[in-house]
Amino acid sequence: MKPWERVRAFCYRVGVEFRICDRPPRPCPFSTHLGIGWRSRTLYVSATHLRDPLTIGQAIHEIGHIVATREPPESADELDFTGWESAAASICGVRRWWYSLAMTEYGTDELDEFGDLDTTAQRAFIRRALTRGRAIGNVSPSGRPVSLR
Ligand SMILES: [Zn+2]
């Protein structure tokens, strides 16, 4: 299975509709080739971006907005589901792409951006994110992603 097909299969498993379209009807603020209808549990993906690896990482993040938090996208604390994203990217086999997204776009709630940290500090950050996810309930004790809605 290709990476996008695995993400699509994951969407199916967590009850999110994966819709390929020309232009997403509700574009995400930082990735306008993706859109989410969080109430309708729909992920919209622009057909022209299906081969863009960075988009796969962004898709994992947007699916997180739909299932890994109870907050609407505009008021969600994204660090609440960074651990979920890491777990979801792992089981989708797209961790490499999710990581490149994190390297360029993720803040850490500390002084540094994720991409500025060294490898040891990045691993520690992910470990803390998984611990936070377990406390919130969107990561299982064994490290699998858990849906909260
Ligand atoms: Zn977001």
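Among contacts between residues at least 6 apart in sequence, what percentage joins residues at least 24 apart? Then turn to helix 5: which of its residues are buried?

Analyst: First, a caution: this is a predicted model. Now the contacts. Among those between residues at least 6 apart in sequence, 61% join residues at least 24 apart.

Next, the overall layout. The protein has five helices and three strands. From the N terminus on, their order is α-β-β-β-α-α-α-α. The radius of gyration is 14 Å, close to the 15 Å that the globule rule gives for 149 residues, so the protein is as compact as a globular protein of that length. Its C-alpha trace spans about 40 × 30 × 30 Å along the principal axes. Of the 149 residues, 36% count as buried.

Now helix 5. It covers residues 119–136. This helix has 18 residues. From first C-alpha to last it reaches 26 Å, close to the 26 Å expected at 1.5 Å a residue. Its buried residues are F125, A129 and G133. They cover an arc of only 80 degrees around the axis, which puts them on the same side of helix 5. The other side looks quite unlike that: T120, R123, A124, R127, T131 and A135 are exposed there. After the helix comes G137, with a positive phi near 105 degrees.

What covers the buried residues? Helix 3 is included in that cover. Helix 3 runs over residues 82–92, and S90 lies in it. S90 counts as partly exposed, because it has 14 C-beta neighbours inside 10 Å.

In soluble globular proteins, nonpolar side chains tend to be buried together. Here the largest nonpolar core has 34 residues. V7, L43, A59, I60, I63, A88 and V94 touch the most other members. Elements giving two or more residues to this core include helix 3 and helix 5. Helix 2 provides the largest share, six residues. At least three residues of the core come from each of domain 1 (3–63) and domain 2 (78–136).

Leaving aside neighbours within four places in sequence, A88 is in contact with F10, I60, I63, G64 and P145.

Methods
Residues are numbered from 1 along each chain as its sequence is written. This is a predicted model: local features need pLDDT of at least 70, side-chain atom pairs count only at pLDDT 80 or more; totals for chains, interfaces and linings use all residues. Helices (H or I, at least four residues) and strands (E, at least two) are DSSP runs, numbered from the N terminus. A residue is buried if 20 or more other C-beta atoms lie within 10 Å of its own, exposed if 12 or fewer, and partly exposed in between; C-beta atoms are placed from the backbone. A nonpolar core is a set of buried Ala, Val, Leu, Ile, Met, Phe, Trp, Tyr and Cys residues joined through C-beta atoms within 7 Å. Domain bounds come from an automatic or database domain assignment. Two residues are in contact if their C-beta atoms, placed from the backbone, lie within 7 Å. The radius of gyration is taken over C-alpha atoms; the globule rule is 2.2 Å times the number of residues to the power 0.38. The expected span of a helix is 1.5 Å times one less than its number of residues. The arc is that of the directions from the helix axis to the C-beta atoms.
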